[in-house]
Amino acid sequence: MGPVLLEAVVSSIPEGGKGMSAAALRWTFGPFAVDPANACLWHGTEAVALSPKAFDVLHYLVQHPNRVVTKDELLDAVWPETAVTDAVVRVAIGILRKALDDTAPPRFIATVPRRGYRFLAPVTVADVSES
């Protein structure tokens, strides 16, 4: 399967990706690609250095584009059963905005005041296992 719009395949992906090989999927937006198999963000052919948690936050956001993702949802997904404050989410978002060169107005990650974050860019998902 080649690249397709996320909305077209999201219903065929089991909740949370269970039952599918995470290594088989790659999410792309703009010049970037999220590669879970290698825990890497690519900008074209160059790897972009991210901390593991910042990568996990980005991976979660691109899997849930165009909707508000609350801070609590991110905390549960990325820091499960860990006592942390929501400051870790703000730090991770800051790291991502810097790595994505996402300045005002945002092209990729928007803050929804008192609610959370929304991934703005069109996302495509590709099954790279068939490549």
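Is D35 buried, partly exposed or exposed? D35 counts as buried, at 3% relative accessibility; here buried means under 20% relative accessible area, exposed over 50%, and partly exposed in between (1.4 Å probe, protein chains only). The tour returns to this residue below.

The model is predicted: local features need pLDDT of at least 70, side-chain atom pairs count only at pLDDT 80 or more, and totals for chains, interfaces and linings use all residues. Residues are numbered from 1 along each chain as its sequence is written, and side-chain values use heavy atoms, with hydrogens and water left out.

**The whole chain**

Begin with a cartoon view of the protein, which has four helices and nine strands. Helices (H or I, at least four residues) and strands (E, at least two) are DSSP runs, numbered from the N terminus. Followed from the N terminus, the elements run β-α-β-β-β-β-α-β-α-α-β-β-β. Of the 131 residues, 38% are buried. A contact means heavy atoms within 4.5 Å; among contacts with a separation of 6 or more, 52% join residues 24 or more positions apart. With a surface display, the accessible area comes to about 7,400 Å², and 56% of that belongs to carbon and sulfur atoms. Such areas come from the Shrake-Rupley method with a 1.4 Å probe; for residues, only the protein chains shown count as cover.

**The nonpolar core**

Next, select F29, V57, L58, L61, I109 and F119, the residues with the most contacts inside the largest nonpolar core, which has 31 residues. A nonpolar core is a set of buried Ala, Val, Leu, Ile, Met, Phe, Trp, Tyr and Cys residues joined through side-chain atoms within 4.5 Å. The elements β2 (25-29), β3 (32-35), α2 (52-63), α3 (71-78), α4 (87-99) and β8 (116-119) each supply at least two residues of this core. Helix α2 gives the most, with seven residues. In soluble globular proteins, nonpolar side chains tend to be buried together.

Centre the view on F119. Leaving aside neighbours within four places in sequence, F119 is in contact with F29, L58, L61, V62, P65, N66, R67, F108 and I109.

Select H59, which is located in helix α2. H59 counts as buried at 14% relative accessibility, and beyond residues up to four places away in sequence it touches W27, V34 and P36.

Move on to P65, in the loop between α2 and β6 (68-70). P65 is buried, at 15% relative accessibility. The C-alpha atoms of P65 and L120 are separated by 6.5 Å, although the two residues are 55 residues apart along the chain. N66 lies in this loop between α2 and β6 as well; N66 is not a glycine, yet has a positive phi of about 60 degrees. At 45% relative accessibility, N66 counts as partly exposed.

**Helix α4**

At 1.5 Å a residue, its 13 residues should span 18 Å, and its end C-alpha atoms are 18 Å apart, which agrees; the expected span is 1.5 Å times one less than the number of residues. Colour V89, A92, I93 and L96, the buried residues of α4. They cover an arc of only 100 degrees around the axis, and therefore lie on the same side of α4; the arc is that of the directions from the helix axis to the C-beta atoms. On the other side of α4, V91 and K98 are exposed. Show α2, α3, β7 (109-112) and β8, which are included in what covers the buried residues of α4. D101, which follows α4, has a positive phi near 50 degrees.

**The salt bridges**

How many salt bridges does the count come to? The count is three, a salt bridge being a side-chain nitrogen of Lys or Arg within 4 Å of a carboxyl oxygen of Asp or Glu.

- D35 pairs with R26, the closest N and O atoms being 3.1 Å apart; D35 is buried, whereas R26 is partly exposed at 27%.
- R67 meets E73 at 2.5 Å, N to O; R67 is partly exposed, with a relative accessible area of 32%.
- D86 pairs with R90, with the closest N and O atoms 3.3 Å apart; D86 is partly exposed at 32%, and R90 is partly exposed at 44%.

**Two backbone details**

Finally, select A104 and P105, which are joined by a cis peptide bond with omega about -10 degrees. P105 lies in the loop between α4 and β7. Then select A39, in the loop between β3 and β4 (40-43). A39 is not a glycine, but has a positive phi of about 45 degrees; A39 is exposed, with a relative accessible area of 54%.
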